[in-house]
Amino acid sequence: MTSQPVSVQITDGVAHVRMDNPPVNALGLALREALMDALAELEHNDDVMSVLLIGQPKAFSAGADITEFGTGTSSPTLPELVARVEDFPKPVVAAITGVALGGGLELAMAAHARVALTTAKLGLPEISLGLLPGAGGTGRLPRLVGPEKALELILGGKQIPAEAALQDGLVDAVLDGGSDAGSADSDGGSGFETEAARWTAEFAASGGPMRTQDRTDKIADAAAKPGTVVELAATALRKVKDPFAGKAAVEAVTAGVEKSFERGAVVERAKFQERLKSSESAAQRYLFAAERAARKPRNLDPAAARDVKQAGVVGAGTMGGGIAMALVSAGIPVTVVEAQQEALERGLGMIEKNLAVSVSHGNRTEKQAAQQRALITGTMDYADLSDADLVIEAAFEDLQVKKEIFAKLDQHVKPQAVLATNTSYLDIDEIASGTEHADRVLGMHFFSPANVMPLVEVVRGAQTSPEALATGFATARRIGKTPVVVGVCHGFVGNRMLGVRSRQAEQLLLEGALPSQVDDVLTEFGFRMGPFAMADMAGLDIGWRNRKAQGTTAPIGDALCVEGRFGQKTGAGYYSYEGRDRQNDPEVEEIIERVSAEHNMTRRGISDDEILERLLFPMINEGARILEEKIADRASDIDVIWVKGYNWPAYRGGPMWYADQVGAAVVAERLTHYAEATGDESLRPASALQRAADVGGSLTGASSS
Ligand code: CAA
């Protein structure tokens with residue numbers, strides 16, 4: 001019996017119900033209907049003793065169909081399907097290959113038992129979409145793994161490997177499935193499926209099904225002591241990416257643990273619907289699509305990418321070390337070049353230390369760290385890069401230094417090697433001009449710490465070849481980063497927009513604000529840190545040096561540097577510090593007032609609303625210019641850059657999405673107002689913004705439903 005997208009095959013009393021809805025078995029209406037139909041037939045089939053619910057090698061199921069969210073969900077809904085599975089009169093076992101995520105895991109949790117392939121990953125990533133699990137997950141997960149683990153999974157949104165799921169009680173067995181694990185064999189099954197079927201038959205023979213919702217052992221303590229769930233959630237809630245969805249999830253878990261499964265389900269459903277309609281979830285669903293769009297840059301042929309078997313990194317400083325760590329963590333051997341033995345040893349020592357820290361945090365096993373360590377070689381000889389397929393230069397941010405390095409690289413690497421610079425601001429074309437093969441040069445702008453931060457701006461130079469661009473892009477993907485293709489300009493997309501914001505922040509101090517007021521407005525908006533706290537962390541001397549090199553000034557930033565206030569590292573910057581604890585400093589206030597007076601400014605009280613507009617609207621304006629100049633392919637690429645590289649709160653979608661929510665007309669009108677009030681002509685709306693304002697149009701072209 002077959003019915004797309006579900007096929008059923010009955011072998012030795014076990015009905016193999018296979019979901020086949022590419023690419024990721026999203027539980028859209030057609031799949032839900034087909035599963036309901038299959039269950040209806042199997043219920044009354046006397047040949048069937050038990051049911052094995054299985055997906056495809058890549059995915060058991062990635063959950064609810066995200067594309068259905070805007071349109072409303074028709075019956076059978078996912079909660080209806082999940083209830084049908086749990087109440088099915090014959091034992092149902094979920095056999096998990098690939099991923100079981102969101103509604104996919106909720107479906108599996110409603111089965112009477114779960115087995116997973118060794119390589120499977122499980123998780124509830126709804127929080128990343130501004131949602132909470134909506135098909136019983138907030139009730140069933142605590143019953144399987146206890147409230148603490150459940151909250152960790154629901155609020156963190158992370159995927160866990162099968163083995164950890166077994167330890168936690170989320171799955172009942174991990175099967176390795178032999179050599180053909182997960183892949184289909186001649187009769188459409190697999191070694192894993194055969195083992196899972198055997199397991200299912202034994203499970204069915206050993207007793208009747210137990211509904212997950214009826215289990216109480218793991219929640220008994222928390223149920224007996226109201227307030228436990230809220231207490232357990234406190235730490236995770238402070239770090240949660242979407243505090244609104246986080247709070248809603250905690251309410252649902254609390255009701256499910258402290259009252260009853262049914263009561264929890266009612267709260268869960270109501271909160272899920274509320275979050276689904278929220279602007280925060282709309283923003284994050286937009287970002288989900290934006291990230292996937294950024295993976296398909298215009299005019300980039302993925303097939304042109306060269307295989308990178310060996311990489312090189314020039315510079316063993318913080319960035320070079322981080323990039324080397326990112327490369328080896330994906331199994332790519334790296335040769336690190338430094339000019340001086342001492343710098344090389346210091347750099348390799350730092351990598352060593354970071355690997356040890358990562359082991360102590362549980363992010364790598366000792367074995368993985370040892371394997372990765374073995375892939376790193378240090379040298380002072382450029383000739384050792386002769387095997388490299390890709391070299392990433394991460395030396396001092398100085399055009400002349402970089403040009404010399406590229407000229408040297410050009411002589412030592414093989415002709416087809418791709419050369420990338422990790423510059424944050426400099427002109428890639430100028431760097432490439434120092435080589436004989438400018439076509440193999442591109443930018444790969446990583447963010448610090450490079451082994452942690454996901455964003456890489458992949459910069460297409462005027463002469464960058466399709467092969468070089470595709471190789472840089474593919475390598476960034478391979479090492480688990482989020483690459484976004486951008487064009488050449490000062491600071492590319494992210495730093496160019498950041499520069500505009502920094503200028504406004506400085507100007508606000510001159511006009512009457514204090515650092516803490518400006519920073520608080522941005523943290524209230526959702527950033528983890530405001531511009532001044534961030535500058536103190538990065539070190540004020542870096543910006544000072546850059547300004548001096550470019551002949552520009554930031555009167556207050558410069559005045560602080562003159563006083564030796566370089567930020568956290570000197571214990572004083574825009575704030576004073578005891579360790580990392582920042583304090584407002586009256587001395588800073590005096591410096592600000594003095595510099596204001598020197599600039600003939602009459603200080604005034606500035607409202608939080610004005611601060612927010614003055615910081616964000618000029619960035620949006622710069623984003624519009626970036627689009628006009630075709631430095632970014634799409635507005636959504638700019639948003640991905642800001643969310644992944646600069647901690648723009650995901651639930652606010654990114655600057656261009658935010659502009660659409662405020663309305664282009666409002667943004668343009670306020671910018672015109674500030675241009676006139678401050679005399680700063682750069683604040684005049686860019687033509688792309690003004691056009692959108694005039695026609696009531698959108699910058700992202702995305703709808704917020
Ligand atoms: N619904 C609809 N489409 C989905 C989807 C989903 N849940 N998950 C992935 N897709 C689509 C992607 O948009 C992509 O489409 P395009 O090829 O058109 O770009 C395609 O499937 C492949 O996805 P990826 O490019 O992301 O492939 P990947 O191999 O890098 O990652 C994945 C696969 C890990 C499953 C990843 O896609 C993912 O994390 N998906 C989202 C999972 C998720 O958030 N699930 C929760 C849904 S909400 C829910 O379930 C609510 C509830 O409780 C009722």
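The legends below describe close-up views of a predicted model.

**View 1. The cis peptide bond between Pro-22 and Pro-23.** The peptide bond that joins Pro-22 and Pro-23 is cis, with omega at about 0°.

**View 2. The cis peptide bond between Ser-75 and Pro-76.** Here Ser-75 and Pro-76 are joined by a cis peptide bond, and omega is about 0°. Pro-76 is found in the loop between β5 (59-61) and α2 (78-86).

**View 3. Asn-299, a residue with positive phi.** Although Asn-299 is not a glycine, its phi is positive, at about 55°. The residue sits in the loop between α12 (279-294) and β12 (311-314). Asn-299 counts as exposed because its relative accessibility is 72%, where exposed means over 50%.

**View 4. Phe-492, a residue with positive phi.** Phe-492 is not a glycine either, yet it has a positive phi of about 55°. Its place in the chain is the loop between β19 (482-487) and α19 (494-511). With a relative accessible area of 0%, Phe-492 is buried, since that term is applied to residues under 20%.

**View 5. The division of the chain into domains.** Four stretches are assigned as domains, namely domain 1 (6-276), domain 2 (308-486), domain 3 (514-598) and domain 4 (608-695). Between domain 3 and domain 4, the C-alpha centres are 24 Å apart, and the contact draws on nine residues from domain 3 and 13 residues from domain 4.

**View 6. The area buried between domain 3 and domain 4.** Together, domain 3 and domain 4 bury about 1000 Å² between them, and 74% of this area is on carbon and sulfur atoms. On the side of domain 3, Val-521, Phe-525 and Phe-527 supply 59% of the area buried against domain 4, which is more than any other three residues supply.

**View 7. Residue classes and polar pairs where domain 3 meets domain 4.** Zero salt bridges are counted between domain 3 and domain 4, whereas three residue pairs, both residues at pLDDT 80 or more, are found in polar contact across this interface. Sorted by class, the side of domain 3 that touches domain 4 has five nonpolar, two polar and two charged residues.

Notes:
Residues numbered from 1 in each chain as written. Predicted model: local features only at pLDDT ≥ 70, side-chain atom pairs only at ≥ 80, totals over all residues. Heavy atoms only, no water. Helix = DSSP H or I, 4+ residues; strand = E, 2+ residues; numbered from the N terminus. Buried < 20%, exposed > 50% of the residue type's maximum accessible area, 1.4 Å probe, protein only. Domains from an automatic or database assignment. Contact = heavy atoms within 4.5 Å. Buried area = accessible area lost by both parts, 1.4 Å probe. Salt bridge = Lys/Arg side-chain N within 4 Å of Asp/Glu carboxyl O. Polar contact = N/O pair within 3.5 Å; in protein donor to acceptor, adjacent residues only side chain to side chain. Nonpolar A, V, L, I, M, F, W, Y, C, P; charged D, E, K, R; others polar.
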